[in-house]
Amino acid sequence: MKFPSPLVSEQIENGAVNVPVATVPSLSSFRPHTGVGGVRYLVTIEQDVLLETLLVNKKSDTIIAVFHGMMVPGHHHLPRFEWLRTLQNTEYSAIYFSDPTLSIDPQLKLGWYLGSESLDLFPVLASVLAQAAEATGASHLILAGSSGGAFASLQVSSYVPGSMAVAFNPQTDIAKYHWPAQASYLKRIVPQLIPDKGSRKRWSQALGPRTSVLKQYAQPRANRALLLQNRNDPHHVKNHFAPFREAITNSPNRDNFIFELYDGPQGHEPPSRGHFRDAVVRAHDLLASPAVIL
């Protein structure tokens, strides 16, 4: 497959709008460019489901996989490569994933990278990340995000042995998140799962562990995670952080997790750029020091 020449990473503009795009007809055809610089890829996963991703290759020993949170109308646009500016001046290679779930219906604002009833995106994205790591020569893999992107980082990391998730303020059980966000996903992506009566949580049971990292990490996993929660976000502390911390404490994965509370702004807000970057550096240091016990 012929690729466009990568763009020098320092020249990548906001949103990566000036980065050359390689169109890939199928996942089996995805073989990212091994040259230094940035290339965007438009990959057909299946009919009407597209993966748009940006790979910035710096030939470092570490690659960061980045997942975005909710789209804010008038502020965010697809494809969305969140935290690009924050990580652009670091030494690390990075791959930014725009949620393919939103390609099914761009009116959806939050899809958690869930895919559809028949399409589980988490192992798909883990496979794409493995290809990107091979192309960049990276041996340390960090998966990072905030809110819905943090949920995705935890899920995908569980399919990548030896990796580390950096998760800021994640939803950990989608069935416990605000109902309007759940209802929008149901209406636009899986209307066949809309509950006609009974518990609203019933739809999530049809997707199994995909909608809950508590369920996903009930079994032993070969990855690690750094979970950082703003203590001034009461909904997430009570309904997501605390139950997940308790579940992990009583799970076979308890030695692979770090849970921390920090003082951030009131409500559900992303971390500062500096805080996000520092957490990624910390994860890199942990992965690069095998003697460190979490």
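**Terms and their grounds**

Mentor: Ala138 has a relative accessibility of 13% and therefore counts as buried, a term that means under 20% relative accessible area, with exposed meaning over 50% and partly exposed in between, for a 1.4 Å probe and protein chains only. The model is predicted, so local features need pLDDT of at least 70 and side-chain atom pairs count only at pLDDT 80 or more, while totals for chains, interfaces and linings use all residues. Residues are numbered from 1 along each chain as its sequence is written, and side-chain values use heavy atoms, with hydrogens and water left out.

Trainee: Where is Ala138 placed, and which residues does Ala138 touch?

Mentor: Ala138 lies in the loop between H3 and E6, where helices (H or I, at least four residues) and strands (E, at least two) are DSSP runs numbered from the N terminus. Not counting residues up to four places away in sequence, Ala138 touches Ser60, Asp61, Thr62, Ile63 and Ala133, contact meaning heavy atoms within 4.5 Å.

Trainee: What makes strand E4 mostly covered?

Mentor: In E4, residues 62-67, six of six residues are buried. Thr62, Ile64 and Val66 point one way and Ile63, Ala65 and Phe67 the other way, and all are buried.

Trainee: Which strands are joined to E4 by bridges?

Mentor: Two strands pair if DSSP finds at least two bridges between them. E4 is joined to E6 (residues 140-146) by six bridges and to E5 (residues 93-98) by five, and E4 runs parallel to E6 and parallel to E5. Phe67 has Gly145 in E6 as its bridge partner, whereas Val66 has Tyr96 in E5.

Trainee: Why is H3 called roughly perpendicular to H4?

Mentor: Helix H3 (residues 121-136) and helix H4 (residues 148-157) pack at an angle of about 75 degrees, with their axes 8 Å apart. That angle makes H3 roughly perpendicular to H4, because 65 to 115 degrees counts as roughly perpendicular, under 35 as roughly parallel, over 145 as roughly antiparallel and the rest as oblique. The axes are lines fitted to C-alpha atoms over the stretch in contact, and angles run from 0 to 180 degrees between N-to-C directions.

Trainee: Which residues make the contact of H3 with H4?

Mentor: Phe122, Leu125 and Ala126 of H3 meet Phe151, Ala152, Gln155 and Val156 of H4.
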